[in-house]
Amino acid sequence: MKRAHIAVLLVSLAAVLVGQVSAQTPPQKPSADKILQLSDMSRNGWISYGVHTTIENYENGSLKDEGVFDVTIKGMNKTLVKFLNADVKGQYLLMVDDDMWIYMPNTRKPIRITPLQRLMGDASNGDVARTRYAEDYSATFLRDEVLDGTPCDVLDLHAKRDGATYNRIIYWIAKETNRPKRAEIYLTSGKYYKSIDFNTYAEIDGRMLLTKMTITDKLRSGRTTIMKYDSYGPRNLPDKYFNKDYLEKLR
Amino acid sequence: MRGCFRAIAATAIMVATSTLLYSQDLEYRLSVVDEGTLNALNKETPINYDNSILPQPYRGNIGTSNLFVSAGMFSMLLNLSTNTDNLRSPTYSYSLRELAFDYSLSGAVDITIGKKILKWGTGYAFNPTGVVEPQRSPSDPSDRLGQNEGSKLASIDYFSGRSSLTFVYVNDSKIESWAWHWGTQEFAMRAYTFLSGLDLSLIGHYREEDRLELGTNWSYVVGNNLELHGEFLGKQGSSTLYHQIIATDDDQQVLSSYPYTAMHDRSSEIFYKLLLGSQYTFENGINVAVEFYRNTEGLTTAQWKRWMKFVKFQSDIQRGLVPVDPATMGPSRYNLLWALQTLSPRGAMQDYCFGREYWALDRWGIELIQFVNAQDFSAVVIPTVSYKVSDNLSTYGRLSWFTGGSESEFGAIFYTTTFNLGIQVQL
């Protein structure tokens with residue numbers, strides 16, 4: 001009887017000890033794909049939203065060109081970009097999954113385009129239209145690194161679908177906030193193509209969202225592109241706006 | 001009578017304009033272009049020997065403005081132009097290129113009533129399935145001066161996911177003497193879907209007292225660089241008018257009456273227009289587009305030669321190289337003028353190739369267009385250089401060089417070269 005009591009006591013003690021040990025174990029680190037998914041939230045505040053985007057192209061420090069766009073993103077796979085500059089006013093870019101069309105008001109018809117056809121400067125269509133990296137890339141954890149005083153998770157992203165803008169991205173994400181800090185883009189050949197610095201974030205409707213990023217061309221020195229985002233807000237356009245044939249009805 | 005129509009059109013514009021101006025979602029685009037032209041005349045061409053049959057200017061200027069305004073359900077596109085050259089006094093014109101009312105019946109169904117430009121083709125330079133759109137000119141596919149006008153139509157669109165269905169009724173009606181006159185009726189239908197990366201449309205078109213036309217167009221992207229597209233439109237028989245000389249062996253005669261007839265009107269032969277095209281974008285941004293176009297309603301090489309021999313015979317009469325009764329000179333001149341109707345900006349023969357290379361380099365744009373007759377290998381080559389001074393101001397220089405033998409299609413055009421220098425302001 002006494003022996004039985006001692007056994008129960010030992011088992012209970014062991015259970016308490018094991019419980020304490022497991023309580024002291026740090027929580028398991030989220031997977032690389034989960035970190036990537038969380039980082040997308042600071043570039044996409046809502047499932048469907050609109051944002052005013054300005055692209056400035058610099059060459060050796062002097063402003064060469066500036067483009068202003070109204071971007072509407074619906075769900076995971078639909079983007080509609082309205083061009084606002086005077087010389088391209090009325091022009092639209094539609095992206096659905098991996099497919100793109102451009103509508104020019106003078107030709108009055110949507111034209112199917114290839115991913116390489118650019119909006120302007122060093123910003124590819126994908127830089128504007130495809131901001132949910134978790135949809136386009138699979139991530140693996142590379143290393144921990146402190147970047148400009150911020151502890152970061154460094155992820156290695158590889159395109160998992162044909163329509164992804166880039167083939168490979170090395171991606172720095174701040175550990176504490178899950179906000180992107182930097183991206184290095186590599187071509188299929190392995191050549192270092194461009195870098196993206198995610199410069200500033202601002203609180204909008206209780207969400208911390210990206211407001212400025214800088215793209216530096218690593219193949220042609222002296223060329224940088226600054227993308228600025230403002231007037232974020234939820235926007236839910238009807239599905240027909242993302243049908244190629246509806247483009248001719250847009251103004 | 002025409003004045004009445006213009007008065008009503010002007011009232012409609014004013015009503016639409018006031019509606020638009022008081023609307024909160026007003027959108028507008030204004031483009032003003034001034035373009036000067038210098039022409040090197042082809043004085044050797046039998047079509048217009050010594051520039052004497054249909055005198056062409058060697059210099060000219062066109063100033064044109066296009067104002068697009070839209071708000072809510074209304075949209076309007078108004079063109080004002082002035083044209084002057086060394087032969088004529090300045091002319092002024094205006095046209096209401098579009099005035100349409102668009103209304104969403106539901107999230108999936110839209111209707112449009114009014115005058116509107118609809119474009120259905122996937123081709124860049126040719127648009128065989130653009131059955132309700134203005135015919136495109138391969139030497140100016142982007143309509144740089146904004147001259148194309150819409151059709152008077154009523155259409156209904158149904159959108160579902162990545163598909164759509166459109167029905168269009170076109171009627172070239174007019175108001176004359178305060179009375180409404182119905183014009184020729186046209187019915188068109190398009191069913192569009194996007195399937196496994198393929199943009200695919202099926203087209204049907206019927207014009208009153210003409211034939212049913214059926215066709216398809218498609219486009220497909222391969223990888224990051226390559227796009228492929230095509231169009232086909234076919235019908236049984238043809239109401240196209242042909243010069244009767246192409247069906248005779250005697251091309252050395254002076255005809256006494258209007259020579260055009262619909263030769264294949266009762267034919268059961270299938271006539272078709274086929275377009276195959278592609279565009280490729282290089283890593284440095286250079287874009288190359290190529291297209292092949294076949295129109296079996298065009299002239300065969302033998303028919304063209306017969307027509308050209310006939311034209312040359314009339315030209316020789318006018319130049320006094322063929323001794324004829326002086327009373328024949330007048331009718332022969334008419335024969336030359338009538339013969340010109342065989343020519344078309346889209347080409348009069350059957351087979352054509354088109355190429356366009358475009359490179360945007362900072363503020364510069366460099367474009368090279370080639371429009372080649374694949375039967376006689378004559379061509380129009382058009383290099384254009386443009387410079388963007390600012391978002392609102394740009395300039396361009398455009399040279400059109402017509403090359404080929406004197407009896408080839410483009411070698412016989414009125415000009416050997418034309419040069420356009422333009423300035424464009426956009427707001």
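In the predicted model, 35% of the 251 residues of chain A count as buried. The secondary structure of this chain comprises four helices and 13 strands. Among contacts in chain A with a separation of 6 or more, 48% are accounted for by residues 24 or more positions apart.

Chain B contains three helices and 22 strands. Of its 427 residues, 32% are buried. The C-alpha trace of chain B spans about 75 × 60 × 50 Å along its principal axes. The radius of gyration of chain B is 23 Å, which agrees with the value near 22 Å that a compact globule of 427 residues would have. In chain B, 54% of the contacts between residues at least 6 apart in sequence join residues at least 24 apart.

Strand E2 (residues 59-71) pairs with strand E3 (residues 74-85) in the antiparallel sense, over 12 bridges. The two strands form a hairpin with two residues between them, and B:Gly72 in this turn has a positive phi of about 55°. Strand E3(B) is in turn joined by 10 bridges to strand E4 (residues 91-104) of chain B, and these two strands also run antiparallel. The position of B:Asn79 can be followed across both pairings. B:Asn79 in E3(B) is the bridge partner of B:Asn66, and B:Asn79 also stands opposite B:Ser95 in E4(B).

Elsewhere in chain B, B:Phe310 is placed in helix H2, which comprises residues 301-318. B:Phe310 counts as buried because 27 C-beta neighbours lie inside 10 Å, the criterion for burial being 20 or more. When residues up to four places away in sequence are not counted, B:Phe310 touches B:Ile245, B:Asp251 and B:Ala339. The C-alpha atoms of B:Phe310 and B:Ala339 are 8.8 Å apart in space, whereas the two residues are 29 residues apart in sequence.

The two chains also touch one another. In this interface, 38 residues of chain B are in contact with 28 residues of chain A. On the side of chain B that touches chain A, the elements that give two or more residues are the strands E1 (27-41), E10 (185-195), E12 (212-222) and E13 (226-236) of chain B. The largest share of this side, three residues, comes from E13(B). By class, the side of chain B that touches chain A has 18 polar, 12 charged and eight nonpolar residues.

Notes. Residues numbered from 1 in each chain as written. Chains lettered and ligands numbered in written order. Predicted model: local features only at pLDDT ≥ 70, side-chain atom pairs only at ≥ 80, totals over all residues. Contact = placed C-beta atoms within 7 Å. Nonpolar A, V, L, I, M, F, W, Y, C, P; charged D, E, K, R; others polar. Pairing = 2+ DSSP bridges. Buried ≥ 20, exposed ≤ 12 C-beta atoms within 10 Å, placed from the backbone. Rg over C-alpha atoms; globule rule 2.2 N^0.38 Å.
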